[in-house]
Amino acid sequence: MDVALQPSPLAGIATRDAMLARTLRRFHIGDRTFGALTLISAITVLVILAGVMISLVHGSLPAWRAFGFEFFTSQSWNPVTEKFGALPAIYGTVLTSTIAMLIGVPISLGIAIFLTEICPERLRRTIGVAIELLAGIPSIIYGIWGLFIFAPFFQTHFQPALIDMFGNVPVLNQLFAGPPYGIGLLTAGLILAIMVLPFITSITREVFETVPPVLKEAAYGIGCTRWEVIRRVVIPYTRVGIIGGVMLGLGRALGETMAVTFVIGNAHRIMPSIMAPGTTISATIANEFTEATGDLYTASLVALGLILFFITFIVLAAARLLLMRLERQEGR
Amino acid sequence: MIVSASKSNARYARRRHTNLLATALSIGATGFGLTWLVLILIVLVVKGVGGLSPSVFSEMTPPPGGEGGLLNPIMGSLIMTVMAVALGTPLGIMAGTYMAEYGRYTKLTMIVRFINDILLSAPSIVVGLFVYEIMVRQMGHFSAWAGAVALAILVIPVVVRTTEDMLLLVPNTLREASAAMGLPQWLVIRHVAYRAARAGIVTGVLLAVARITGETAPLLFTALNNQFFSWDLNAPMASLPVVIFQFALSPYEDWQQLAWTGALLVTAAVLALSILARMLASKRMPS
């Protein structure tokens, strides 16, 4: 028998060592590769945001070169003479979002108060989910529903009443001047108000639930009514979080596209009446981008997109900073 | 004595009235919100069910006045959704993994979380413009690829957020136990952390699908629309939301009917997905 064929115990150890070393190397390389891949992915998130900014700036350059700062102040929007200004669109965006906030915020707070303080435990989950489903309905559904169902109803039942009611009041009769079209800035604002409800409600609910029960119990203990507890304890304690939630809703309202596109009326002018047709930044882009002929027209629409992105970025960043501050306070 | 007692009674009555009023108002607010949900769903069912027939699922979109269905937009939506999930999910999960595992306390994680939260609610039409600039303009034509990339950009922040949140919920003791047995970190993550957080991560992907199913704005000038169905990913592709948009605003009645039917289908799909995601999340993670 050949001795060399006999596997010596020493050789066994050697191969086992080699195997171990191989495994360890594999572990090491795997860790390096996987770690690097995750790092690259995380950085990709940042790259996307940077890419959005750079591409919008780049795409809108012709418009800035042609109009300069006047782009912000000009009211003309004329594809034939290639004169473009963003003011009507910015005005419409800000106005519709303001209407949405004026109506949406108190109602969202009401729903959040109901769900955290009043609602019986058994119904809480069901109603909470139902409200959140409002956020799940796609925005185009709000649009088609707003145009075919809500706007005609609003036109026949509410707008004439509003016009009559404020007809003799100075200032307000300008704001609520006819004719009742059904569609317009006010309708868009109302639909936006419904759309932001679930977003503001869900954040507000979350922050309401962070109030320590001891605080509330102490207030109840000295004889406060439920409303006084909410007004004097819950709301002051959660103020920062509420503002954060409102800003988040505002960010949504400013950038909302399809629902507004259906009911805004697409008029590039600023009317004193909030029932008049108007336009918003996002509606202008959605309506006109594919039909835009000529570089300057396209660039102007991209410039509108850049303005929208800039505004929403600031609002959303402020919202996040407020909510982050809250989390740090809680020591989470 | 009596005067002050009646005074304090009056004040007490006022406080109770205020309380009652506030309670009534917040119940009213909740009723207001629920009413819209019910109204929208009822209208969708009433208007949409009438148009539901087998031909909706078997025929292409018709020319005005013709007979037809929604086969090409349904297929287009499915294809682009699958592509978007295939592109966006791995990236989102990996980024979330970095934030929860490798770089939990790094500055980069904080920045990425901040930016990701902004992307989460950024206007989707801006994403459409972005993809138009980097893909459509460079290639010179609209394409299903561009539509899928635009949707993928909307998928990523949702998946990043849920992956990170779910991985952070995995107890560290699990990680330490497996690391003590000599597993390197990447295998700990793959075999222990992912497995523990699987239900949550799947929930995130479902929520992302629900989000992009109804998205219209980013598809308008990336995938555009197509009268016919084709497997060609370099060609424009129809999608349900864009067809709904086009048909609803058209003056033709049969197109408007198809738009309502499409709207019913999209909403049913989105709501089913979000309810499914919720059930999955609450079953596995009682929190």
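**Salt bridges within and between the chains**

Helices here are DSSP runs of H or I with at least four residues, numbered from the N terminus. Asp117(B) is buried at 6% relative accessibility, while Arg161(B) is partly exposed at 28% (buried is under 20% relative accessible area, exposed over 50%, partly exposed in between, with a 1.4 Å probe and protein chains only).

This is a predicted model, in which local features need pLDDT of at least 70, side-chain atom pairs count only at pLDDT 80 or more, and totals for chains, interfaces and linings use all residues. Side-chain values use heavy atoms, without hydrogens and water; residues are numbered from 1 along each chain as its sequence is written, and chains are lettered from A in the order in which they are written.

Back to our pair: a network of salt bridges links Asp117(B) and Arg161(B) with Asp165(B) and Arg320(A). Helix α4 of chain B (residues 107–121) also holds Ser121(B), which is buried at 5%. Beyond its neighbours within four places in sequence, Ser121(B) contacts Leu248(A), Arg252(A) and Leu316(A), contact meaning heavy atoms within 4.5 Å.

Another salt bridge, between Arg278(B) and Glu132(A), has an N to O distance of 2.6 Å. Arg278(B) lies in helix α12 of chain B and Glu132(A) in helix α4 of chain A, so this pair joins two chains.

Terms used
Salt bridge = Lys/Arg side-chain N within 4 Å of Asp/Glu carboxyl O.
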